[in-house]
Amino acid sequence: MVIPQHVAIILDGNGRWAKSKGMPRNYGHVRGAKNLEVICEDAYNMGIKYLTVYLFSTENWKRSKDEVDALMKLFRSYTKTCIKTARDNNMKVRVLGDPTALDQDLQESLKQLVETSKDNTGLNFQIAINYGSRDEIVRAIRKVAADCRDGKLAPEDITEEKFSGYLDTAGVPDPDLLIRTSGEQRLSNYLMWQLAYTEFYFTDVPWPAFTKEDLKKAIEKYNSRERRYGGIKEE
């Protein structure tokens with residue numbers, strides 16, 4: 001079985017899973033965070049090199065203040081835990097998105113997480129927080145425009161490859177497989193540039209209940225498809 005090099009996941013269904021258990025939505029987020037630690041280890045042991053997860057979108061600020069506050073509290077705790085996990089498991093962490101909207105202490109924790117893990121050689125783990133693909137592309141265009149204005153880049157020299165270097169994922173291969181849990185079948189403003197040739201896998205399993213076996217099913221489905229780029233089968 002061919003293991004995809006890069007898997008991206010939309011972690012959906014935490015709140016609905018909690019509701020089905022008669023618990024508050026935040027309970028689902030807490031269990032979802034714990035499950036993420038397990039799946040990171042499972043993914044690496046299976047041979048996945050890059051794992052990118054959608055933790056908090058630019059649209060998630062529209063949720064209730066209580067839920068957003070609870071999520072930010074959880075992210076503070078999770079980031080501290082992730083620093084230890086990255087150290088113990090040789091995991092390299094990268095943050096996607098615009099951190100400037102986050103509280104300063106959380107920004108500093110994320111910087112510390114990235115800095116302390118930058119030389120690790122295990123799983124490349126990417127956290128998308130305050131991330132939206134349209135926002136990412138707009139921020140990249142602003143950087144391109146600034147470089148053109150400053151004479152560092154000529155407009156005629158802009159290529160897809162050069163533009164990719166201005167995105168949050170610069171230097172990272174595009175995902176081979178996207179997994180979305182909990183039954184929804186849309187991208188929700190996630191990695192729209194990077195997912196151009198990605199295989200999609202949707203499952204009804206909510207994220208807190210997603211297991212190594214569910215990950216295997218997704219990869220088996222990935223293996224059953226013929227990968228084509230512009231109509232040409234990938235060798």
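This is a predicted model: local features need pLDDT of at least 70, side-chain atom pairs count only at pLDDT 80 or more; totals for chains, interfaces and linings use all residues.
**Close-up 1. Arginine 87 counts as exposed, at 56% relative accessibility.** Exposed here means over 50% relative accessible area, buried under 20%, and partly exposed in between (1.4 Å probe, protein chains only). Residues are numbered from 1 along each chain as its sequence is written, and side-chain values use heavy atoms, leaving out hydrogens and water.

**Close-up 2. Arginine 225 pairs with glutamate 199 in a salt bridge.** The closest N and O atoms are 3.3 Å apart. Arginine 225 lies in the loop between helix H7 (212-223) and strand S7 (228-229), and glutamate 199 in strand S6 (residues 199-202), so the pair ties together parts that are 26 residues apart in sequence. Helices (H or I, at least four residues) and strands (E, at least two) are DSSP runs, numbered from the N terminus. Arginine 225 is partly exposed at 28% relative accessibility, whereas glutamate 199 is buried at 15%.

**Close-up 3. Arginine 16 meets aspartate 12 in a salt bridge.** Their side chains come to 3.0 Å, N to O. Here arginine 16 is partly exposed at 39%, and aspartate 12 is buried at 13%. Both belong to a network of salt bridges that links Asp12, Arg16, Arg180, Glu184 and Arg186. Across the whole structure, a search finds 18 salt bridges.

Methods. A salt bridge is a side-chain nitrogen of Lys or Arg within 4 Å of a carboxyl oxygen of Asp or Glu.
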